[in-house]
Amino acid sequence: MKSRNHEAFRHLARKILIHTVCLLGMATVMIYGIYNFLFEAGFSRMIPSFFQNVFGMEKDAAVSFYERAFRRHMDLIILLSMAGIFFLFLHIYLRYFTRYFEQISKGMDNLMLDIPGEVSLPAELLPIERKMNLLGHIIDRQKSDMALMKQRKNDMIMYLAHDLKTPLASSISYMNLLLEEKAISEELREKYLSISLAKNQRLEDLLNEFLEIAKYDLSHIVLQCSRIDLSRLLEQLVFEFQPILEQKKLTCRLDMGEHLVLECDVDRMQRVFDNLLRNAVLYSQEGSQITVTAEYKEGGLELQFANHGDTIPQEKLDRIFEQFYRLDAGRSTDGSGLGLAIAKQIVTLHGGTITAASRQGMTIFTIKIPQPAM
């Protein structure tokens, strides 16, 4: 770092050296000239002549005054002359340096006042100019990120209000029916209570998802990792999904080796697989097949969840892992738009990546998780 800084300011150091040498040379010439002037006969003749012409003094009196007032104090006169020259050149030297600070200060003012355009400094201050412009870009990016965070906060409030209002309003409506209808049959009462209970459970699920995404955003999560049999875990998950798969006449095929081992936080990683499989079921064409594959690749484990359905446009794929984002906002689903966002947070905590691709009616979610050498 020190060497790079030295190289960066080599031009400035060279210019300061040249300026210093020039000032020292000029000061030396002036001191030499004053010294010669004071000790040569010219000064001793000029002073008495000055007093004779200006004050009308006699020659002897003028010479005598010169001897008492100047010649006897010649050392002091030389010292004062040198001091004067020193302060004159010091002022010039400092003025030369303060010009750089003034230009740097002006550039900083431009950054603080958010004046458009790049900061421009002299060529010898090019390294500082580059850093100031880089800082300006960082500030602009931070402002953009803050604006985006504010927008996301507003979106979160809006989605929270919308998603909680629907089951809450429905539950309140059925509870009011139970209170108002005195002669309601036992069968209808049980139906209303079942619907109200389901809506309240949905409300609880939404609140749990909101709390979970807030926890991943705001807290430092410590993973409880252990080695698991991934093949058995996915087989169990697919078995639990069988009723949902049968409703849409879907099949799910597992393509992986036996006893495939994965080191992870089991509960959280199971949540990822659950979200991806649920998402595949939701957007699959009826009667199609969902394929889950897993294999070791380049020091890690790669899993893919593939389903047949509508091709997702690239602009939607770019936002698919955003909080509260739904592929089809007008479609009635039980999703909160948090499942994939939570999945990405969990995979990222494991040091992995999750991506989505969609083409020719096939959508594939790919997870890559680094694994220690077995």
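Q: At what angle do α10 and helix α12 pack, and how far apart are their axes?

A: Two packed helices are described by the angle between their axes and the distance between the axes. Here, α10 and helix α12 (residues 339-349) pack at an angle of about 145°, with their axes 9 Å apart. Axes are lines fitted to C-alpha atoms, for helices over the stretch in contact, and angles run from 0 to 180 degrees between N-to-C directions. From α10, the contact is made by Arg268, Met269, Arg271, Val272, Asn275, Leu276 and Asn279, and from α12 by Gly339, Leu340, Ile342, Ala343, Ile346 and Val347. Contact means heavy atoms within 4.5 Å. By class, the residues of the contact of α10 with α12 are eight nonpolar, three polar and two charged. Ala, Val, Leu, Ile, Met, Phe, Trp, Tyr, Cys and Pro count as nonpolar, Asp, Glu, Lys and Arg as charged, and the others, Gly among them, as polar.

Q: What is the handedness of the crossing of α10 and α12?

A: A crossing is left-handed if the near helix is turned anticlockwise from the far one by less than a right angle, and right-handed if clockwise. The crossing of α10 and α12 is left-handed.

Q: What should I know about the model and its numbering before going on?

A: This is a predicted model, in which local features need pLDDT of at least 70 and side-chain atom pairs count only at pLDDT 80 or more, while totals for chains, interfaces and linings use all residues. Residues are numbered from 1 along each chain as its sequence is written, and side-chain values use heavy atoms, with hydrogens and water left out.

Q: How many helices and strands are there in the protein chain?

A: Helices (H or I, at least four residues) and strands (E, at least two) are DSSP runs, numbered from the N terminus. The protein chain has twelve helices and seven strands. Among its contacts between residues at least 6 apart in sequence, 69% join residues at least 24 apart.

Q: What percentage of the residues of the protein chain count as buried?

A: Buried means under 20% relative accessible area, exposed over 50%, and partly exposed in between (1.4 Å probe, protein chains only). Of the 374 residues of the protein chain, 31% count as buried.

Q: How do α8 and α10 pack?

A: The angle between helix α8 (residues 230-240) and α10 is about 45°, and their axes are 11 Å apart. Angles under 35 degrees count as roughly parallel, over 145 as roughly antiparallel, 65 to 115 as roughly perpendicular and the rest as oblique. The two helices α8 and α10 are therefore oblique to each other. In this case α8 passes α10 in a right-handed crossing. The contact of α8 with α10 has seven nonpolar residues, one polar and one charged. Leu230, Leu233, Leu234, Leu237 and Val238 in α8 meet Gln270, Phe273, Asp274 and Leu277 in α10.

Q: Is Asp274 buried or exposed?

A: Asp274 counts as buried because its relative accessibility is 19%. Its place is in helix α10 (residues 266-283). Not counting residues up to four places away in sequence, Asp274 touches Leu237 and Phe241.

Q: Where are Leu121 and Val119 found?

A: Leu121 is in the loop between α5 (74-112) and α6 (126-180), and Val119 is found in the loop between α5 and α6. Leu121 counts as buried at 10% relative accessibility, and Val119 counts as buried at 5%. From C-alpha to C-alpha, Val119 and Ile104 are 9.1 Å apart in space and 15 residues apart in sequence.

Q: Which residues is Thr293 in contact with?

A: Leaving aside its neighbours within four places in sequence, Thr293 is in contact with Asp255, Glu302, Leu303 and Gln304. Thr293 is found in strand β4 (residues 289-297) and, at 21% relative accessibility, counts as partly exposed.

Q: What is phi of Lys249, and what is phi of Gln360?

A: Phi of Lys249 is near 55°, a positive value in a residue other than glycine. Lys249 lies in the loop between α9 (242-247) and β2 (251-255) and is exposed, with a relative accessible area of 59%. For Gln360, phi is near 50°, again a positive value in a residue other than glycine. Gln360 is found in the loop between β6 (353-359) and β7 (362-370) and is exposed, with a relative accessible area of 81%.
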